[in-house]
Amino acid sequence: MTTLLNVKDLRAYYGQVQALHGLSFSLSEGSLTTLLGANGAGKTTTLRAICNMVRSTGGIEFDGKPLNHRSTESIVRFGIAHVPQGRGTFTTMTVEENLQLGAITRKDNAGIISDIERMYAHFPVLKQRHTQQAGTLSGGEQQMLAVARALMLRPRLMLLDEPSFGLAPLVVRDLFRILGKINREDKVSILVVEQNAQLALELADHAYVIETGRIVMSGNAKDIANNEEIRKSYLGY
Amino acid sequence: MSAAEDVVTEAPAVEAVPKRAMTLGTGTSLLVLAALLIMPVFVKNFIIFQMTMLLIYGLAVLALNILTGGSGQFSLGQSAFYAVGAYTTAVLMEHFNVNYALTLPIAGVVCFAFGFLFGQPALRLSGVYLALATFALATAMPQLLKLNFLEHWTGGVQGLVVTKPDAPFGLPMSQDMWLYYFTLVVVIAIYIFSVNLLRSRSGRAFMAIRDNEIAASAMGVDVALYKTLAFGVSAAVTGVAGSLGAIAVQFVAPDSYTITLAISLFLGMVVGGVGWLPGSIVGAAFIIFVPNIAEGISKGLSGAVFGVLLFLVIYLVPHGARQVAILGQQFAGKLRKN
Amino acid sequence: MELFTNQVLAGIATGAIYACMALAVVMIYQAIDHLNFAQGEMAMFSTFISWQLMQWGIPYWAAFVLTLALSFVGGIAIERILFKPLAKAPILTNVAGFIALFAIINSSAGLIWDFTIKQYPTPFGSAPFLGSQLISTHQAGMIGVTVLLLLGLYFFFQYTKIGLAMRAAASVPESARLVGINTSWMIALGWGMASAIGSIAGMLIAPVVFLEPNMMGGVLIYGFAAAVLGGLTSPFGAVVGGFLVGVFENLAGTYIPGVGNELKLPIALALIISVLVVKPAGLFGRHIVKRV
């Protein structure tokens with residue numbers, strides 16, 4: 001499998017505070033990779049650094065092309081869709097407008113219309129609410145909307161920041177099932193950051209464990225899930 | 001970095017300034033005080049008068065700073081409170097022969113009540129809506145002062161002339177110099193009061209409201225009470241500044257207290273640094289002296305020159321004089337280390 | 001009763017002025033999320049440019065279109081040169097910037113064209129409209145243009161991609177960047193459009209209030225008030241707000257004793273504030289649902 005995303009010696013800073021201390025990892029095309037770690041380990045920062053939303057140094061290559069020093073909006077045009085923490089819903093706009101915004105960089109109008117229908121098939125609840133103001137959706141529905149909005153880009157890589165946050169366990173299962181399906185059927189590579197390690201490891205095929213801004217462990221998701229020592233010392237279950 | 005934040009709440013309009021960062025260190029304070037004390041001995045009366053006005057505007061900017069920097073509420077109506085203070089003093093002095101010093105606390109109380117009452121409807125408004133409401137107050141005030149049935153007291157469009165007090169106890173100093181020291185004492189007293197207010201329980205409540213109103217109310221802060229209280233205190237301090245201003249200028253008239261004054265005070269706050277109390281005096285210096293400088297550079301284009309100078313200041317230090325102070329501190333820290 | 005009808009009609013006529021300006025206010029609010037205090041001055045400057053073009057012998061409509069284009073470019077230039085560097089500065093610092101811009105434009109216009117009042121032509125004529133002494137053909141034309149402008153803006157924001165992108169950039173900039181919108185240019189575009197709309201407002205208002213550097217001071221305040229009353233997020237609300245404010249102001253001046261010309265503005269503002277206390281998002285503003 002070819003490498004889609006390659007991150008080398010990534011260091012990121014919030015003002016004077018360094019949040020990432022030379023982080024390196026890679027993600028192969030078509031894989032579903034998860035980044036695990038405790039609160040404050042640097043998971044969100046890693047995703048934000050990939051999209052240049054935080055000051056960082058080091059090498060980030062997407063499909064062989066360097067992403068450093070590009071603006072967030074131009075990185076998106078490479079086919080990287082980022083579902084931020086807090087979902088980033090356009091709360092004052094309708095559900096359908098949110099989906100249209102996901103495809104705002106695309107020119108194929110017919111494709112956009114059919115993709116909106118596809119999203120409604122994936123997430124029927126969005127169809128029911130398509131004229132509703134997105135801010136009135138429940139947390140779970142907004143997370144579905146955020147994923148659907150990201151997919152409207154027809155991304156090659158989707159970055160998901162704690163999709164399970166604040167959602168009921170049943171909703172999370174449902175969401176993860178859909179993510180797996182998208183990964184398999186639509187061939188979208190996914191990098192998902194999670195605190196819910198157990199669930200993420202079930203879903204993913206590759207996993208990295210990150211601690212205070214460094215990768216401390218990497219490997220096959222099943223191996224990590226089966227290794228009791230790792231689970232106990234790093235993942236806490 | 002997985003901060004436990006479900007929804008990114010709307011960023012507050014005024015950035016958070018930590019309590020300690022709102023004041024000056026003891027050493028610096030004493031130096032500034034010494035300079036303010038000695039200065040009048042060496043300069044002409046006109047300069048002393050200007051220094052008095054500087055202190056008075058500084059006080060008015062400080063009042064706005066308590067409101068905006070402290071509790072996060074925005075006001076374009078400070079000129080109205082200033083006018084009420086000025087008129088209270090003028091009417092008391094000229095119609096009732098009240099001693100000028102006594103009119104100050106009275107003006108403070110009147111303005112506190114006025115501000116507190118105005119704060120009630122303002123409670124439901126924020127941001128641009130509050131700006132518009134306070135703006136309405138500022139535009140209404142000069143017209144209200146001109147109303148016919150008040151003319152007996154206010155002197156209508158003509159205004160009132162205020163007598164400048166002599167130095168008491170036969171002290172050998174000019175009226176201007178006496179008024180300067182009198183103002184200085186009042187300003188320092190209010191400054192110390194404000195600093196302590198912001199450090200107190202009420203001050204913490206103001207800042208909690210500024211940074212996150214919902215969280216503040218969840219912690220048990222009576223948001224309505226403290227928001228109106230902030231308006232009241234700010235109005236009271238502005239009113240005292242207005243009183244002093246009336247005495248110093250020796251004249252009150254409706255058209256001295258238009259929206260232009262409110263806008264000047266706002267600019268003073270921004271230039272001094274929102275939420276940084278000592279910056280108020282720097283801001284006051286800006287609004288007093290820079291228009292004069294602009295006029296000196298070009299008479300016909302003085303407005304444009306003023307605008308350009310203002311742009312220069314906000315480009316160089318978008319956070320106002322506070323930013324300069326922080327840079328200075330860091331620089332001093334580095335010097336000490338070497 | 002006849003007095004009432006007449007005052008309402010006269011109110012609608014002045015209201016058209018406010019509605020026009022309110023549209024420009026809403027436009028910039030959509031783009032930058034706050035009010036631009038220098039907007040009236042920008043409109044005034046544009047109007048002077050059109051006047052100057054006509055002085056040089058260019059016919060009205062050609063000058064109109066040319067001014068529109070110049071204002072659009074000028075608005076973008078002001079944003080790129082003066083306000084882009086302040087993008088990361090606090091909001092209140094930006095407001096200070098608006099005040100500075102106000103001073104610069106006002107003073108420059110005074111120096112270039114001086115402060116004497118100038119006549120400004122109207123393309124619609126000034127005969128009574130449909131036999132009414134209270135509304136002239138110019139004012140009717142102004143109402144017509146305002147409505148056309150409103151329809152155009154509605155279409156732009158609702159049905160074009162760039163309109164959607166602009167709204168997104170204004171409401172949640174970070175998410176907008178994450179779907180690939182260049183938010184910085186959206187802001188510049190908003191400035192350009194607001195400046196162009198402002199220039200239309202200025203050119204329509206000038207025949208009524210006459211052309212001079214301070215012509216927009218009062219108008220802008222009413223425009224703000226109208227926009228806030230109608231709801232800052234709704235161009236339709238802004239126009240309705242404009243007419244309402246015009247009518248309000250006229251009726252208050254006529255029927256409330258002791259309200260002369262001087263107190264009209266504060267009374268109108270007080271009424272608007274009372275409305276806001278009851279309906280904080282304005283009459284037609286979309287109520288923003290926030291989950292906390």
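S3(A) and strand S8 (residues 189–194) of chain A pair in parallel through five bridges. This is a predicted model. Within that pair, A:Thr33 faces A:Leu191 of S8(A). Strand S3 (residues 32–36) of chain A also pairs with strand S9 (residues 206–211) of chain A. That pairing is parallel too, with four bridges. Here A:Thr34 sits opposite A:Ala207 in S9(A).

The chain continues from S9(A) into an antiparallel partner, strand S10 (residues 214–220) of chain A, and six bridges join the two. A:Glu211 is set against A:Arg214 of S10(A). S9(A) and S10(A) make a hairpin, with two residues between the strands. One of the turn residues, A:Thr212, has a positive phi of about 35 degrees.

## Order, edges and flanking helices

Together, six strands build an open sheet in the order S6-S7-S8-S3-S9-S10 (chain A). Its pairing is mixed. Strand S6 (80–83) and S10 of chain A are the edge strands, and each pairs on one side only. From one strand to the next, the twist averages 15 degrees.

Two helices pack on this sheet. Helix H6 (residues 139–151) of chain A touches S6 and strand S7 (157–161) of chain A. The direction of H6 makes about 170 degrees with that of S6(A). Helix H7 (residues 169–185) of chain A touches S3, S7 and S8 of chain A. The direction of H7 makes about 155 degrees with that of S8(A).

## The antiparallel sheet of chain A

Chain A has another open sheet, with four strands in the order S2-S1-S4-S5 (chain A) and antiparallel pairing. Strand S2 (17–28) and strand S5 (65–66) of chain A are at the edges. Each has a single partner strand, so one side of each lacks a neighbour in the sheet.

Strand S4 (residues 55–62) of chain A runs antiparallel to S5(A), and two bridges join them. A:Phe62 is placed opposite A:Lys65 in S5(A).

## Helix H1 against H9 in chain C

Two packed helices are described by the angle between their axes and the distance between the axes. Helix H1 (residues 2–32) of chain C and helix H9 (residues 216–230) of chain C have axes that come within 7 Å and cross at roughly 70 degrees. H1(C) and H9(C) are therefore roughly perpendicular. Their crossing is right-handed.

H1(C) contributes C:Ile17, C:Tyr18, C:Met21, C:Ala22, C:Val25 and C:Val26 to the contact. From H9(C), the contact residues include C:Met216, C:Leu220, C:Tyr222, C:Gly223 and C:Phe224. By class, this contact has 13 nonpolar, one polar and no charged residues.

## Helix H5 against H10 in chain C

Helix H5 (residues 137–159) of chain C packs with helix H10 (residues 235–255) of chain C at an angle of about 160 degrees. Their axes are 10 Å apart. The angle makes H5(C) roughly antiparallel to H10(C). This crossing is left-handed.

C:Ile143, C:Thr146 and C:Leu150 of H5(C) meet C:Pro235, C:Phe236, C:Val239 and C:Phe243 of H10(C). The contact has six nonpolar, one polar and no charged residues.

## Confidence in chain C

Chain C averages a pLDDT of 85, and 94% of the residues score at least 70. Helix H3 (residues 60–83) of chain C has the highest confidence in the chain, at a mean of 95. Confidence is lowest in strand S2 (residues 132–136) of chain C, at a mean of 72.

Conventions:
Residues are numbered from 1 along each chain as its sequence is written. Chains are lettered from A and ligands numbered from 1 in the order in which they are written. This is a predicted model: local features need pLDDT of at least 70, side-chain atom pairs count only at pLDDT 80 or more; totals for chains, interfaces and linings use all residues. Side-chain values use heavy atoms; hydrogens and water are left out. Axes are lines fitted to C-alpha atoms, for helices over the stretch in contact, and angles run from 0 to 180 degrees between N-to-C directions. Angles under 35 degrees count as roughly parallel, over 145 as roughly antiparallel, 65 to 115 as roughly perpendicular and the rest as oblique. A crossing is left-handed if the near helix is turned anticlockwise from the far one by less than a right angle, and right-handed if clockwise. Contact means heavy atoms within 4.5 Å. Ala, Val, Leu, Ile, Met, Phe, Trp, Tyr, Cys and Pro count as nonpolar, Asp, Glu, Lys and Arg as charged, and the others, Gly among them, as polar. Two strands pair if DSSP finds at least two bridges between them. pLDDT is the predictor's confidence in each residue, from 0 to 100.
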